[in-house]
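Good morning, and thank you for coming.

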Amino acid sequence: MALIKKTTSKGTHTDVTFKIDGALAPTNADIFLLGDFNNWQMADTDYQMTKKGDSFEKKLRLENGRSYEFRYVNRDFIWFNDEAADNYVPSPFHGVDNCVVELPKAAAPKPAKAKKKKSTGDDLKKIEGIGPKIASILASKGIDTFKKLSTTKTSALEAILKEAGPRYSMHKPGSWPKQAKLADAGNWDALKTLQDKLDGGK
């Protein structure tokens, strides 16, 4: 069993506890937690995991609003991944993925005026390539209508997706402003014709 427990501390950082069952380890050798947070340095003994019973644990305080890549390695120099990671991304080594733990920024309370504004927004999910989560991310940036989306530069949309994390940065928003312009004009037939030519919004 693997577990990643997150406990937010003061809104700016999160205490993240990494825990793996000893049965998941390749050998009985000591295990280190390496990643972006320590420049992947095994020599730093502060990142050696503590053996507790049949499991290994390590707690780190990490800054919110970031994604951290990590892996485990033991003293036999055998690397392995965490099955409880939030995501996986290709490492610099061919055929090897790094684990990812994601720590989004704490959501700020929405004022009553913002809620009223949201109710008058357009359904951005009508745009090919935009699902409920991305629509929510765009709305949090003030892009909640077809008109606003149609006038937003592709580079700005790419920056918003990149900030949201690797699972969103892979999306290609190049056609979204053009689609939104047709939707804002109520030209649904032309929008459908365009979307039939697209693949996931590309």
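This is a predicted model: local features need pLDDT of at least 70, side-chain atom pairs count only at pLDDT 80 or more; totals for chains, interfaces and linings use all residues.

Residues are numbered from 1 along each chain as its sequence is written, and side-chain values use heavy atoms, with hydrogens and water left out.

Let me begin with the overall form. The protein chain has seven helices and nine strands; helices (H or I, at least four residues) and strands (E, at least two) are DSSP runs, numbered from the N terminus. The C-alpha trace spans about 65 × 40 × 25 Å along its principal axes. Its radius of gyration is 22 Å, whereas a compact globule of 202 residues would have one near 17 Å. That radius is taken over C-alpha atoms, and the globule rule is 2.2 Å times the number of residues to the power 0.38.

Of the 202 residues, 38% count as buried. Buried means under 20% relative accessible area, exposed over 50%, and partly exposed in between, with a 1.4 Å probe and protein chains only. Among contacts with a separation of 6 or more, 58% come from residues 24 or more positions apart, where contact means heavy atoms within 4.5 Å.

On charge, the protein chain carries 34 positive and 26 negative side chains, and the centres of the two sets lie 9 Å apart. Here Lys and Arg count as positive and Asp and Glu as negative, with His and the chain ends not counted. Each charge is placed at NZ of Lys, CZ of Arg, CG of Asp or CD of Glu.

I turn now to the helices. Which residues are buried in helix α4, residues 154-164? They are L157, I160 and L161. These residues lie on the same side of α4, because they cover an arc of only 95° around the axis; the arc is that of the directions from the helix axis to the C-beta atoms. The buried residues of α4 pack against α2 (132-140), α3 (146-150), α5 (166-169) and α6 (176-184). Just after α4 comes G165, with a positive phi of about 120°.

In α6, the buried residues are W176, P177, Q179, A180, L182 and A183. Their cover includes α2, α3, α4 and α7 (188-195). G186 follows α6 and also has a positive phi, near 75°.

L138 is buried, with a relative accessible area of 0%. Not counting residues up to four places away in sequence, L138 touches L124, I130, I143, L157, I160 and W176. L138 and L161 are 23 residues apart in sequence, and their C-alpha atoms are 8.7 Å apart in space.

Finally, the two loop residues. N39 lies in the loop between β3 (31-35) and β4 (50-52). N39 is not a glycine, yet its phi is positive, about 55°. Is N39 buried or exposed? N39 is exposed, with a relative accessible area of 58%.

F77 is found in the loop between β6 (66-74) and β7 (79-80). F77 has a positive phi of about 60° although it is not a glycine, and at 60% relative accessibility F77 counts as exposed.

Thank you for your attention.
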